[in-house]
Amino acid sequence: MSFVKVENLQKQFTDTPVFKDINFTIEQGEFITLLGPSGCGKSTLLRCIAGLTTVDTGKILLQGRDLVPLSPQQRDIGMVFQSYALFPNMTVQQNVAFGLRMKKVKGEESTRRVAEVLKLVELDTFANRYPHQLSGGQNQRVALARSLVTRPSLLLLDEPLSALDARIRKHLREQIRAIQQELGLTTIFVTHDQEEALVMSDRIFLMNKGNIVQSGDAQSLYTAPADAFAAGFIGNYNLLDADTASRLLQRPVHTRLAIRPEAIALSVDGAREGEIRGHSLLGNVIRYRVEARGVELLVDVLNRSASDLYPNGQRVSLTIAPEALCAVA
Ligand SMILES: Nc1ncnc2c1ncn2[C@@H]1O[C@H](COP(=O)(O)OP(=O)(O)O)[C@@H](O)[C@H]1O
Ligand SMILES: [Mg+2]
């Protein structure tokens, strides 16, 4: 039996169908990311699981128990939102204890559990501060602590890092993943950020327009996109129609092809069928625009030394490993 099983889930707002038929299973202790562009239905799906939004039809089973008829409080689920939703007039300690009060856990046990969870998120020395005395990242850790203190079976995180600046975001995503693994807590994390999804997840569910279009681990999503949407959303794939691909490879190709920029090697030996048209410096990587046989491609090359840069107009040879050519629908 899967830990979480969602079957034929359907949800429509008055005139907007959000999703028609969502199906998936999650095993105990997995970290799943719902990844997709804004408006594709990620938050609605999460809110349906949490019970904050009603579903039209379908089942949501947690350890075999159907959650759909249950209130949010009965579901044994913790949830963290992008906006921390902390009480401004309560201290960190009081904010975290609030979740326990709802569960009728009081007194010494409450104090002990709050202290335990504040230590887990490394905020034990901040227990008596108020939210306005903390940074965004610290407030988000309070929100995380508040959702963990009730020891939920399932943790839902809706873009919890999106409001934070880049450095804090990277630190906190590692911290969330470490805590999740330490607790063995089954988690569904929502983001529109592919890097976050690739770094954090056991498996990624890629969503587009209310459908899960591909699911798998980071490496399989990254190296084998199922369709043009997946290739466009993850990585910086070169997407070539069949005619263009045939021209580039000088053999008949009958499908669209997706090629990762870092799967193309450049050298100044051999046929030199390509020409450098420009570059952008991404730091560790130099991303070239290269034209070859009338086809423009992005090619990523590791920025090993200052003398590595090819000038515009440089003639180059291109090598593409056969396994890097992904046929996409
Ligand atoms: N309460 C609501 N009433 C009407 N439409 C909504 C409501 N919430 C979300 N939607 C619509 O449902 C779609 C999915 O939204 P959402 O789940 O928030 O997407 P995401 O989280 O992926 O950005 C969007 O078209 C959005 O406008
Ligand atoms: Mg959302």
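Two strands pair if DSSP finds at least two bridges between them; strands themselves (E, at least two residues) and helices (H or I, at least four) are DSSP runs numbered from the N terminus. This is a predicted model, in which local features need pLDDT of at least 70 and side-chain atom pairs count only at pLDDT 80 or more, while totals for chains, interfaces and linings use all residues. Residues are numbered from 1 along each chain as its sequence is written, chains are lettered from A and ligands numbered from 1 in the order in which they are written, and side-chain values use heavy atoms, with hydrogens and water left out.

**The whole chain**

Begin with the C-alpha trace, which spans about 80 × 45 × 35 Å along its principal axes. The chain has 9 helices and 18 strands. Of its 329 residues, 49% are buried (under 20% relative accessible area with a 1.4 Å probe, protein chains only; over 50% is exposed, and in between is partly exposed).

Select residues 186–191, which form strand 8; 6 of its 6 residues are buried. On one side lie Thr 186, Ile 188 and Val 190, on the other Thr 187, Phe 189 and Thr 191, and both faces are covered.

Leu 154 is the residue opposite Thr 186. Now follow the chain from strand 7 through helix 5 (residues 166–183) to strand 8: this β-α-β crossover is right-handed (with the strands pointing away from the viewer, the path from the first strand over the helix to the second runs clockwise).

**Ligand 1**

Turn to ligand 1 and display the residues around it (a heavy atom within 4 Å): Phe 13, Val 18, Pro 37, Ser 38, Gly 39, Cys 40, Gly 41, Lys 42, Ser 43 and Thr 44. This shell comprises 4 nonpolar, 5 polar and 1 charged residues (Ala, Val, Leu, Ile, Met, Phe, Trp, Tyr, Cys and Pro count as nonpolar, Asp, Glu, Lys and Arg as charged, and the others, Gly among them, as polar). Helix 1 (residues 42–50) supplies the largest share, 3 residues.

- Gly 39: a backbone N or O atom at 2.6 Å.
- Cys 40: a polar backbone atom at 3.2 Å.
- Lys 42: a polar side-chain atom at 2.9 Å.

Definitions and conventions
Polar contact = N/O pair within 3.5 Å; in protein donor to acceptor, adjacent residues only side chain to side chain.
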